[in-house]
Amino acid sequence: IKRKSSQEKDSIVVASHAPSGLSSDFTSYAPEVDITAPSDDYILSFNKDGSAKTLGGTSGATPLVTSTLLAFELIAGGKLSTAQFKDLLQKTAITHAKDPARKVTGKGYLNTYKIGAVAFKLKELCKSKVSIDEKNKCIQDRLNDSSIYDFSQEIKDDEVMKN
């Protein structure tokens with residue numbers, strides 16, 4: 001069911017990676033994985049009684065992806081479908097340094113910074129659109145333009161990753 005839902009672009013399947021960049025020991029490994037987010041076993045949370053605990057794996061990685069996509073919508077000012085979000089995640093992903101040959105951990109690492117930068121570009125490009133329908137159409141049309149993802153004149157990706 002998960003594989004079919006992912007293939008039909010009805011869902012986004014998230015995997016977890018450790019600080020080392022390697023996949024968490026307790027995460028999804030499958031062709032339907034779309035993106036990998038940092039979680040491992042280091043996400044701070046709290047029990048009902050207020051005591052601290054950590055969680056991880058896909059249970060920790062999924063809220064990171066969800067909050068990134070919500071921030072995108074809030075900044076850009078428009079709504080996207082699940083298929084469009086999936087495409088955005090994959091077009092902005094940071095390539096795995098040691099990408100497994102089997103391609104079972106998604107397109108790469110979640111790149112929240114770049115998704116935010118794309119959202120700010122879209123906000124500027126579509127600011128003249130007044131109605132939500134016009135704004136949504138403007139955002140959706142621009143997402144298909146590869147130049148929206150190009151920051152080579154503004155950001156040196158290799159420097160960001162090095163630093």
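**Helix 3 against helix 4, and two residues**

Modeller: In this predicted model, Leu88, Leu89 and Thr92 of helix 3 meet Lys114, Ile115 and Val118 of helix 4.

Biologist: By class, which residues make up the contact of helix 3 with helix 4?

Modeller: That contact has four nonpolar residues, one polar residue and one charged residue.

Biologist: At what angle do the axes of helix 3 and helix 4 cross?

Modeller: They cross at roughly 120°, and the axes come within 9 Å. Helix 4 covers residues 112–125. The crossing of helix 3 past helix 4 is right-handed.

Biologist: Where is Lys91 found?

Modeller: Lys91 lies in helix 3, which spans residues 82–92.

Biologist: Why does Lys91 count as partly exposed?

Modeller: Lys91 counts as partly exposed because its relative accessibility is 34%, and that class lies between the cut-offs of 20% and 50%.

Biologist: Which residues does Lys91 touch, leaving out those up to four places away in sequence?

Modeller: Lys91 touches Leu143, Asn144 and Tyr149 on that basis. Its side chain also reaches the backbone oxygen of Leu143 at 3.5 Å.

Biologist: Turning to Ser39, where is its place?

Modeller: Ser39 sits in the loop that runs between strand 2 (35–38) and strand 3 (43–46).

Biologist: Is Ser39 buried or exposed?

Modeller: Ser39 is buried, because its relative accessible area is 5% and buried means under 20%.

Biologist: Which backbone oxygen does the side chain of Ser39 reach?

Modeller: The side chain of Ser39 reaches that of Gly57, at 3.1 Å. Not counting residues up to four places away in sequence, Ser39 touches several residues, among them Ser16, His17, Leu55 and Gly57.

Technical notes
Residues numbered from 1 in each chain as written. Predicted model: local features only at pLDDT ≥ 70, side-chain atom pairs only at ≥ 80, totals over all residues. Heavy atoms only, no water. Helix = DSSP H or I, 4+ residues; strand = E, 2+ residues; numbered from the N terminus. Buried < 20%, exposed > 50% of the residue type's maximum accessible area, 1.4 Å probe, protein only. Contact = heavy atoms within 4.5 Å. Polar contact = N/O pair within 3.5 Å; in protein donor to acceptor, adjacent residues only side chain to side chain. Axes fitted to C-alpha atoms, helices over the stretch in contact; angles between N-to-C directions. Left-handed = near helix turned anticlockwise from the far one by under 90°. Nonpolar A, V, L, I, M, F, W, Y, C, P; charged D, E, K, R; others polar.
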